[in-house]
Amino acid sequence: MILKRVKLRDFISHADTEIEFPLGVTVLVGPNGAGKTSIVDAVVFALFGDKVRGEKVEDMIRRGASSADVELAFEVDKEYTVHWVRKKKSVEAVLSRSDAGVIADTKEAVLEEISRILKMDKKTAMNSIFIRQGEIASLIDADPKDRKKLLGRLIGLDMLEDAWEKMREVVSHFEEIRNRLETKVKEVEKELEVRGEQQDKLREEIGELTAKIKDLEQELTAVAEELEAARSELEKWNEKKRKYDELAIKLAQVVEGIKAMVKEIERLEDELKQAEKAKKRVEELEPEIKKIPFLEEYVEKSSELKEVEKEKEQLNRDLSRISDVRNEIKETTDLCRDYSREFEEEIEVEVAKELSEIEKFVTKASTKVGTAIEQIEEKEQEIEKLLSEALKVLPEPTIKAKNARLQELKDRRNEIEEEISRLNNERGGIKRRIKDLKDASKMLGEADTCPVCKTKLTPEHRERVKDEVQGEIELLKGKLEGVKEELKKQELQKKEVEKEIDRASKIDVERIEILRGEIAKKREEVARFYWKLHTTMQLIDDLENEIKAEVSAIDVKIGEIEGILNGLVEKIGYKPDDPEKELKELRKKKEEYNSLKPIADKCEEIKQRLDGELERLRGLETERERIQKEIAELGYDEEKHEEARKRHEGLLRKFERTNAELNEKREALEKKQKDLKDVERKIAGLKGDLKKLNEELEAIVKFIGRLNNIRRAFSRDGVQKLLRQKVAPLMSEFAGRYIERFNLDITDITVSEDFDISTIKEGGEISIKSISGGEKVAVAIALRLAIAKVLAGKISTIIMDEPTTHLDEERRKELVEIMRSFFREGAAVPQMIIVTHHRELEEIADTVYQVEKVDGVSKVVEVSF
């Protein structure tokens with residue numbers, strides 16, 4: 001098999017990786033944890049469908065992904081492509097061939113087809129194609145015992161040894177079955193003895209029951225004859241009783257019918273009286289209820305007249321309200337006029353249309369106009385007061401004049417502050433000069449040289465200089481006092497200026513402007529109300545005219561209604577004092593009429609029903625007399641009937657007791673016979689079971705013997721020995737061929753039947769312990785390749801996973817040299833893939849892939865030489 005390429009998507013740490021595998025040596029190099037071995041894991045997963053790491057298959061899916069994809073292309077005569085999709089809860093697999101398309105599309109079918117193509121199972125393939133981490137080091141450095149185990153595992157001896165061990169458990173299992181069967185045989189033999197005793201006892205009990213049943217059958221026959229005679233007598237009396245009961249029931253029904261009939265006749269007679277009474281009352285009510293339609297119309301028109309008169313009263317009240325509103329509008333507009341002169345042109349306004357809304361508006365306007373005028377007067381008074389204050393400080397009451405005055409005063413204050421600063425500096429200079437002069441005067445009393453001119457001091461010169469210094473000090477003191485007086489004056493002037501600034505700042509000329517604006521707005525508000533009220537006055541006049549017209553129309557309608565009412569009075573015959581009360585009473589009478597009319601209409605019907613019931617009553621009385629006569633003729637005697645019943649019951653109980661005892665004995669006999677058959681059947685079954693158990697026991701004993709023979713075949717002296725005898729010469733032959741390619745002075749390698757390894761040099765056979773480190777690496781590789789060839793028959797691809805693991809630096813260098821020598825002689829193995837984190841192996845590579853992890857994701861880059 002030749003690997004062509006592999007694609008990984010979301011597999012372990014690989015997000016999206018594709019690698020080509022050309023012929024020759026391909027090296028995957030990178031640090032530990034970069035994702036190199038994951039590529040080998042992907043190849044294993046693609047070929048065998050098994051998890052390669054982690055506790056669960058889902059561990060192959062990269063964190064954050066929902067599935068992992070692996071696609072592997074390989075060649076065995078033809079090119080195949082296997083594609084796996086591993087999801088968290090399912091797996092998909094497809095195998096395709098280059099010339100035939102899809103040839104398998106389920107996990108089981110794909111694995112079966114790959115095994116058929118490779119012509120080997122998974123373990124054989126793994127041992128022939130894959131060289132795992134540490135195997136090279138183990139073949140070199142392991143002690144002979146561990147090396148033999150490793151070689152045995154690689155060719156499959158471990159499975160035979162494991163089978164030999166597990167066969168012990170199988171043999172023990174069947175020996176336990178043999179022991180259980182021997183115990184069971186003894187138990188069945190004991191039970192057979194017990195069942196034989198039961199059989200004898202049951203046969204004795206069956207004989208006793210048979211004799212008892214015969215005696216009971218004779219007794220039961222005699223009782224049955226007496227019972228039959230008693231039963232015949234009882235049936236005669238029962239028949240008389242039946243006929244008597246039927247006649248008694250009929251008689252009772254007839255008597256009940258007569259009673260019911262009498263009640264019905266009494267009810268109909270009472271109902272007839274009520275109907276005749278109702279008929280009389282209906283005739284009295286008919287003239288009264290004829291007045292109802294006229295009175296209803298009279299009540300309706302009277303109500304309508306009241307509504308119209310109420311409407312007229314409301315309109316008159318509206319006219320009065322309009323008059324009040326007109327007066328209030330006039331008063332308010334007179335109040336507004338003086339404040340609205342500057343708004344001579346009419347302001348366009350919207351006003352209310354309904355009288356109630358007009359009243360609300362006029363009341364609101366009156367209140368707001370009064371409030372606005374009061375506010376105008378208050379603001380004008382406030383302006384006059386502010387103007388008076390402002391003109392005391394400012395030439396005119398404006399913001400510009402205020403700002404100019406403040407700036408003037410601030411400039412004056414700055415000038416004063418500058419003068420104060422100058423005077424303070426001057427005062428400080430004078431004080432320092434006086435101090436210097438005093439210090440110099442002290443120095444004159446002790447110094448021999450003048451501190452000013454640096455000449456030698458005489459007593460006269462010293463005194464003269466002292467006088468001069470003292471005179472200057474006095475002059476400076478006088479000057480200092482003058483500066484202090486001037487500072488006081490400037491401080492006073494500064495305070496006066498600051499008072500003026502504070503006074504000017506407090507003048508609120510802005511408030512004057514605000515008040516003037518507010519007064520203008522209030523005047524405009526008053527003017528707006530003025531024009532609204534003016535417009536409302538016109539609307540009031542129109543509304544008053546409309547209401548007066550409505551009042552005239554209502555007067556006409558009142559006349560019409562009064563005419564209709566007079567006509568109704570003529571029809572009724574009088575003018576009702578309380579028409580609604582009279583109508584209510586008439587309606588009650590109509591309800592009484594309506595309820596009585598149906599009753600009155602039934603008079604004739606009730607009379608006819610009463611005659612019919614009287615006729616049926618006479619028929620029932622005749623039937624009662626006939627039934628009483630028939631009962632007397634029957635001759636039924638209840639005491640004699642009871643005597644016959646008791647005699648029959650006594651014989652029946654005796655018959656039932658005897659019969660029950662007979663049935664009990666028969667059932668007991670049947671049960672004993674059944675028990676006897678069961679015991680006989682169980683005895684036969686136990687004999688059959690005993691025979692079967694003996695046969696099984698004999699078969700198990702023979703089978704245990706065969707199992708022990710098979711187990712011995714799997715032992716070290718059995719098949720394992722035969723396999724070592726067959727494999728050892730082949731390993732020696734192939735290892736010898738491969739070692740020649742390393743160009744060493746080792747001419748051959750021999751592997752004994754017990755997997756002892758020796759090397760052949762020109763000087764003869766040499767133990768593997770005695771050869772150099774590089775030669776050991778070469779021998780280990782030759783042996784590993786030989787094992788692969790023994791297993792697979794032909795080596796096309798070898799995958800070495802970290803072959804330098806457990807090798808020190810010197811051994812790694814030797815491995816590189818050995819491998820370089822191996823491949824220099826030609827491709828004994830067409831394709832070799834090496835996974836390593838040691839860069840030395842790049843030297844023997846035809847193709848190098850650098851594997852590294854970036855932000856947790858493995859990246860693969862081909863390295864250019």
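Author: We can begin with a pair of helices. The model is predicted. In it, helix α7 (residues 292–337) packs with α11, and their axes are 8 Å apart. The angle between α7 and α11 is about 160°.

Reader: Are α7 and α11 roughly parallel or roughly antiparallel to each other?

Author: The angle at which α7 and α11 pack is about 160°. Angles over 145 degrees count as roughly antiparallel. Therefore α7 and α11 are, to each other, roughly antiparallel.

Reader: How many charged residues does the contact of α7 with α11 have?

Author: The crossing of α7 and α11 is left-handed. The residues of their contact include 27 nonpolar and five polar ones, and the charged ones number 18.

Reader: At what angle do helix α8 and helix α11 pack?

Author: Helix α8 covers residues 355–393 and helix α11 covers residues 509–572. The axes of α8 and α11 are 9 Å apart, and their angle is about 155°. That makes α8, relative to α11, roughly antiparallel. α8 passes α11 in a left-handed crossing, at that angle of about 155°.

Reader: Which residues have the most contacts inside the largest nonpolar core?

Author: Ile 329 touches, among others, Val 362 and Ile 540. Those three are among the residues with the most contacts inside the core.

Notes: Residues numbered from 1 in each chain as written. Predicted model: local features only at pLDDT ≥ 70, side-chain atom pairs only at ≥ 80, totals over all residues. Heavy atoms only, no water. Axes fitted to C-alpha atoms, helices over the stretch in contact; angles between N-to-C directions. Helix = DSSP H or I, 4+ residues; strand = E, 2+ residues; numbered from the N terminus. Parallel < 35°, antiparallel > 145°, perpendicular 65-115°, else oblique. Left-handed = near helix turned anticlockwise from the far one by under 90°. Nonpolar A, V, L, I, M, F, W, Y, C, P; charged D, E, K, R; others polar. Core = buried A, V, L, I, M, F, W, Y, C linked by side-chain atoms within 4.5 Å. Buried < 20%, exposed > 50% of the residue type's maximum accessible area, 1.4 Å probe, protein only. Contact = heavy atoms within 4.5 Å. Lists of a residue's contacts leave out its neighbours within four places in sequence.
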